[in-house]
Amino acid sequence: MKKVGLSVLGVFSLIVIVALVKGVTHYTDQQYHPKSYITPIVFNEQKAINRLAKAIRIPTVSYDDPENFEPASFNSMASMLVDEFPNIHTAAERTKINDYSLVYKFKGSDPSLKPALFMGHMDVVSVDEITLDKWTHPPFSGTVENGMIYGRGAIDDKSTVMALMEAMEHHLTEGHTLKRTIYFAFGHDEEVGGKQGAKRIAEYFEQSGTKFEFVLDEGGVILKPGMMPNISQEVAIIGVAEKGFMNIRLVVEQDGGHSSTPPEHTGAGIIAQAIVKLENAPFPADLSFTNLTFDKLGSYADFGARVVMSNQWLTAPIVKHVLLSNSKTAASIRTTTAATMLSASSKSNVLPTQSTAVVNFRIMPNHSIDEIKSYVEQVIDDPKVKLEVFMANNASPVSTTEALGYKLLEQTIREFDKNVLVAPYMVQGGTDAKYFYRVSDSIYRFMRVKVDNELLSGMHGIDERIPTDDYIKGIQLFHELIYKTAVVPALG
Ligand SMILES: [Zn+2]
């Protein structure tokens, strides 16, 4: 008895020792260590801030209903760019795609270098009328106050469009010539899926046979301390993949009739049961993207986190449990299921003839549209419920962190501030970048803005705003990236 007790204790001690040793040794420093630091460019910051404010004042809103599209706003956005960036409009070849999206080509002198594409979108989401009085400044006022630029699009994504333009305009005033060709592409309907803008731009490049060394779009940001669990430093997260999107409409058809003589289950009831089954059978958790991020950061993490994360042979269930307990982190480790729209009878005493529900899925890169559909069929397991798939696109491929685009970003971010750690991650929403995989394998998503939960809540919400300091540093970052990519393409 004593012997058995001892050996159980021995095995337990051994496990603890192995786990602790792994915690110490598993993660090596994966961060880029700068050999030199960047001296930021000097320019008239106030003018740049005013130009972003000007862009915010143009209400380039994307509406779900295409009937509401306002061409005048997009036309004035395009002509504002012409007025404000004279050097660009002399040097670049500008092409309008589908009337409102813009492509700028800055031709490089070395045709052996594949071009690079920098993207942004000019449209913004609408402002919910009932929230209007909650804004500190009206959403399209572009007010600059206390080091903040307020308004819809301040972060998402007019700051990207304007910062790219500022950076390139500065290169041209400096008289820099480009070796690598640079393209800018600004879509006009990202917020409603990008089918009229980015998708058409990608087709335009495909038809002209243009392939890119890398593509950079919005997506990742710099997380302020405390935003990345178990890491006390700031972390720049670069999107290397994005989740897919898919809706399934569940439909139950019945004869209808008077509600005084109902069948055992009405269409509404059958639909409700189907939803309950789906909610009770969530997709399995998958830690591969958590690990992709954590591998780059592990050596900077708390010891406890390192022990847990490096011993997933033992701890995976605990890690999954913790991440699944919060809806935000849960979405980063699995395909999500969200029942969103319901309809059945329009009158309380009439049995429904057609009952429907829409369930929205955000698909992990290791699942496909077809797999989701057959999983849903299997879980609902009821022939009365018919499934219709609509608005579906698969998750994106995963771009490598070893390619030039990622390396340049990582290097530049760290050369500006070596206290900022850099790591790849999977973007949970959708971006225009998803359309560009046919013209590049290396697609990354990042903008240089430091966020906490408060700043994030403004995106698509109330009081969207960007600190002026972040906006200026965003311009400096793009300037340096363009420099490294095209003026002195050392790594290319
Ligand atoms: Zn956006």
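**Exercise 1. Which residue in β14 is the bridge partner of Asn247?**

Some ground rules come before the solution. This is a predicted model; local features need pLDDT of at least 70, side-chain atom pairs count only at pLDDT 80 or more, and totals for chains, interfaces and linings use all residues. Residues are numbered from 1 along each chain as its sequence is written.

Step 1. Helices (H or I, at least four residues) and strands (E, at least two) are DSSP runs, numbered from the N terminus.

Step 2. Strand β9 covers residues 244-253 and pairs with β14 in the antiparallel sense, over six bridges. Two strands pair if DSSP finds at least two bridges between them.

Step 3. The partner of Asn247 in β14 is Phe390.

**Exercise 2. Find the strand order of the open sheet, and its edges.**

Step 1. Four strands line up as β11-β13-β9-β14, with antiparallel pairing.

Step 2. The edges are β11 (336-343) and β14 (386-393). Each has a single partner strand, so one side of each lacks a neighbour in the sheet.

Step 3. From one strand to the next, the twist averages 20°.

**Exercise 3. Describe how α13 and α15 pack.**

Step 1. Helix α13 (residues 404-416) meets helix α15 (residues 468-487) at an angle of about 130°, with axes 10 Å apart.

Step 2. That makes α13 oblique to α15. Under 35 degrees is roughly parallel, over 145 roughly antiparallel, 65 to 115 roughly perpendicular, and the rest oblique.

Step 3. Leu408, Leu409, Thr412 and Phe416 of α13 meet Leu477, Glu480, Leu481, Lys484 and Thr485 of α15.

**Exercise 4. Is Glu242 buried or exposed?**

Step 1. Glu242 sits in strand β8 (residues 235-242).

Step 2. Glu242 has 26 other C-beta atoms within 10 Å, so it is buried. The cut-offs within 10 Å are 20 or more other C-beta atoms for buried, 12 or fewer for exposed, and partly exposed in between; C-beta atoms are placed from the backbone.

Step 3. Residues that Glu242 touches include Ala395, Met426 and Lys434.

Technical notes: Axes fitted to C-alpha atoms, helices over the stretch in contact; angles between N-to-C directions. Contact = placed C-beta atoms within 7 Å. Lists of a residue's contacts leave out its neighbours within four places in sequence.
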